[in-house]
Amino acid sequence: MDALVNKRIKQVLKGDQNAYADIVNLYQHKLYQVCYRMLGNKQEAEDITQEAFIRAYINLHSYDQKRKFSTWIYRIATNLCIDRIRKKKPDYYLDAEVAGTEGLDMYSQIAADEQLPEEVVEQMELQDRIQYEISRLPDKYRSVIVLKYIEELSLQEISEILDMPLGTVKTRIHRGREALRKQLNNL
């Protein structure tokens with residue numbers, strides 16, 4: 001996939017704007033998921049995802065094609081999410097509807113013949129609670145927890161995306177897990 005992306009990037013740099021649409025199609029869903037998990041708001045996640053692609057397009061000339069494009073675009077989106085979180089009032093979303101209550105999300109779409117309806121509801125409530133508790137984490141822990149456990153990125157990729165030493169990433173994951181464990185202690 002990296003070869004395809006690098007080919008498309010070269011086409012974009014030569015003036016073929018349509019080639020960028022292929023890149024957007026490859027990454028838009030995963031990038032949106034990262035933004036949504038960090039922000040907990042559909043509209044903001046869509047805005048930040050779009051902004052990340054715009055910034056990547058504008059700065060495509062500075063992209064080092066020896067590195068993974070996904071790491072570069074995730075870093076842009078993660079930084080935008082962190083900026084958005086910092087600009088918001090701390091209690092802005094405390095009363096907002098918990099993500100997933102409008103409908104099922106990907107993690108709670110379970111076939112009905114495998115679980116009873118009560119179990120499905122319990123699973124949804126648990127997912128909602130976990131998402132809520134993740135959203136309450138300080139942003140320095142939230143970003144590493146989302147990238148590690150929701151997006152399943154390697155520690156090295158997280159280190160590159162957040163531009164921090166590997167040891168710091170490990171420490172923040174550990175502290176983020178501990179903070180999340182304390183928040184979820186009453187379950």
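Okay, one term before we start: a residue counts as buried when under 20% of its relative accessible area is left. Keep that in your head, and remember too that what we're looking at is a predicted model.

Let's go to helix α2, residues 18-39. From the first C-alpha to the last, its 22 residues reach 30 Å, close to the 32 Å expected at 1.5 Å a residue. Along the way, at Tyr-27, α2 bends by about 50°.

The background is handy here: an α-helix has 3.6 residues a turn, so residues three or four places apart point the same way.

On to the rings. The model has 6 aromatic pairs. One of them is Tyr-32 with Tyr-36, and that pair is stacked, with 5.9 Å centre to centre and 20° between the planes. Why is the pair of Tyr-63 and Trp-72 called tilted? Stacked needs planes under 30 degrees apart and edge-to-face needs over 60; the planes of Tyr-63 and Trp-72 are at 45°, with the centres 5.1 Å apart, so this pair is tilted. Tyr-63 and Trp-72 are both buried as well.

Zooming out to the core. The largest nonpolar core holds 49 residues, and the ones touching the most other members are Tyr-20, Leu-60, Phe-69, Ile-158 and Leu-162. Several helices give two or more residues to this core, among them α1, α3, α4 and α8. Which element gives the largest share of the core? That's α2, with 12 residues.

Pick Ile-158 from that list. Skipping its neighbours within four places in sequence, Ile-158 is in contact with Val-144, Leu-147, Lys-148, Leu-153, Val-169 and Ile-173.

Val-144 and Leu-147 take us to α6, where both are among the buried residues. How many of the 12 residues in α6 are buried? It's 9, so to speak a mostly covered helix. The cover over those buried residues includes α2, α4, α5, α7 and α8. Last stop: just after α6, Glu-152 has a positive phi of about 55°.

That's my tour, thanks!

Conventions: Residues numbered from 1 in each chain as written. Predicted model: local features only at pLDDT ≥ 70, side-chain atom pairs only at ≥ 80, totals over all residues. Heavy atoms only, no water. Helix = DSSP H or I, 4+ residues; strand = E, 2+ residues; numbered from the N terminus. Expected span 1.5 Å × (residues − 1). Bend = angle between axes of the 7 residues up to and from the residue. Phe/Tyr/Trp six-rings, centres within 6.5 Å; stacked < 30°, edge-to-face > 60°. Buried < 20%, exposed > 50% of the residue type's maximum accessible area, 1.4 Å probe, protein only. Core = buried A, V, L, I, M, F, W, Y, C linked by side-chain atoms within 4.5 Å. Contact = heavy atoms within 4.5 Å.
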